[in-house]
Amino acid sequence: MRLDIISIFPEYFAPLDVSLIGKARRTGTLDVRVHDLRSWTHDRHRTVDDTPYGGGPGMVMKPEPWGEALDEVAPAGGAVPRMIVPTPSGRPFTQAMAAELAAEDWLLFACGRYEGIDSRVVAEASTRMPVSEVSLGDFVLAGGEVAVLVMVEAIGRLLPGVLGNAESVADDSFAPGAMESLLEGPVYTKPPEWRGRAVPEILLSGNHGAIARWRRDEALRRTAAHRPELLGRLDPGKLDKHDRKVLADAGFPEHGEDMAN
Ligand code: ADE
């Protein structure tokens, strides 16, 4: 997969040399190219921003450097990348979107700073490539750079061969189909006792059925405690009697009610 990243802070992307993504780059699974937006400015101060029309606080990124950057990175008449613009006013980034983006051959990330990029840039780019404005969540970052690091990691780990253990992906909270959008429960490793705290007995039992049941109980409890709104996404037809009891005990009798009775 090819990834182009355009930013006024190319040095922000040093972490992409490290760990799983760094290895994927070295082995050729990922071809990451980071570009400095200021190389498409032509004035002495390498200006990329200006005051907003209509007034208001802050500065807006000028369209001209962006236009030239996109023309050069994705020239007309050639292959077409999917462009991703991180912004708090975008559509929410989800595991499903990560999976969709992991299936693309070429992604182009455009990192805004300040109050954002002149809106004509996305409007014009949309005439020649698919463009998605994407938000990581309901908070405001100082720029798109960190959001791109997050998205590249979420997407990169889904590429074939990037994770050692293919099952780790299928097991994720939010993986399509996996655990039906339940949060993952607690995990443990050796030693069996640490600072007076024992690993739950059941995990040492070797009883795989009982372990799977325990993990599901913990996932249901954690989801009820941390993300109760996710319980509404559970398919009631897939909740067994035991699930319903766990949810009722966790304070969600509406999900816990036994539909059969
Ligand atoms: N840029 C600034 N805030 C952001 C957010 N919440 N998500 C994505 N990009 C952003």
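## Basis of the model

The model is predicted: local features need pLDDT of at least 70, side-chain atom pairs count only at pLDDT 80 or more, and totals for chains, interfaces and linings use all residues. Residues are numbered from 1 along each chain as its sequence is written, and side-chain values use heavy atoms, with hydrogens and water left out.

## Overall shape and surface

The protein has nine helices and nine strands. Both are DSSP runs numbered from the N terminus: helices are H or I with at least four residues, strands are E with at least two. The C-alpha trace spans about 70 × 45 × 40 Å along its principal axes. The radius of gyration is 23 Å, whereas a compact globule of 261 residues would have one near 18 Å. That radius is taken over C-alpha atoms, and the globule rule is 2.2 Å times the number of residues to the power 0.38.

Of the 261 residues, 40% count as buried. Buried means under 20% relative accessible area, exposed means over 50%, and partly exposed lies in between (1.4 Å probe, protein chains only). The protein exposes about 14,900 Å², and carbon and sulfur atoms supply 54% of that area. Accessible areas come from the Shrake-Rupley method with a 1.4 Å probe; for residues, only the protein chains shown count as cover.

## Contacts and charges

Contact means heavy atoms within 4.5 Å. Take the contacts between residues at least 6 apart in sequence: 70% of them join residues at least 24 apart.

There are 29 positive and 39 negative side chains. The centres of the two sets lie 4 Å apart. Lys and Arg count as positive and Asp and Glu as negative; His and the chain ends are not counted. Each charge is placed at NZ of Lys, CZ of Arg, CG of Asp or CD of Glu.

Strand β6 covers residues 106–110, and five of its five residues are buried. Trp 106, Leu 108 and Ala 110 point one way from β6. Leu 107 and Phe 109 point the other way. In a regular strand the side chains alternate between the two faces of the sheet. In β6, the residues pointing either way are all buried.

Two strands pair if DSSP finds at least two bridges between them. Strand β1 (residues 2–7) runs parallel to β6, joined by five bridges. Here Arg 2 has Trp 106 as its bridge partner. Strand β5 (residues 82–92) also runs parallel to β6, with three bridges. Arg 82 stands opposite Leu 107 in this pairing.

β1 is itself mostly covered, with five of its six residues buried. It also pairs with strand β2 (residues 31–36) in the parallel sense, over six bridges. In that pair, Leu 3 stands opposite Val 32.

## Thr 87 in strand β5

Thr 87 is found in strand β5. It counts as buried because its relative accessibility is 17%. Leaving aside neighbours within four places in sequence, Thr 87 is in contact with Glu 133, Val 134 and Ser 135.

## Backbone exceptions

Most residues other than glycine have a negative phi, and most peptide bonds are trans. Arg 46 is not a glycine, yet it has a positive phi of about 55 degrees. It lies in the loop between β2 and β3 (49–50), and counts as partly exposed at 37% relative accessibility. Arg 195 is not a glycine either, and has a positive phi of about 50 degrees. Its place is the loop between β8 and β9. Arg 195 counts as exposed, at 72% relative accessibility.

The peptide bond from Lys 190 to Pro 191 is cis, with omega near 5 degrees. Pro 191 sits in the loop between α6 (166–171) and β8 (193–194).

## Two distances

Asn 207 is in the loop between β9 (197–198) and α7 (208–226). At 43% relative accessibility, Asn 207 is partly exposed. Asn 207 and Arg 38 are 169 residues apart in sequence and 60 Å apart in space, C-alpha to C-alpha.

Lys 245 belongs to helix α8 (residues 241–249). Lys 245 counts as exposed, at 52% relative accessibility. Lys 245 and Asp 217 are 28 residues apart in sequence; in space they are 9.7 Å apart, C-alpha to C-alpha.
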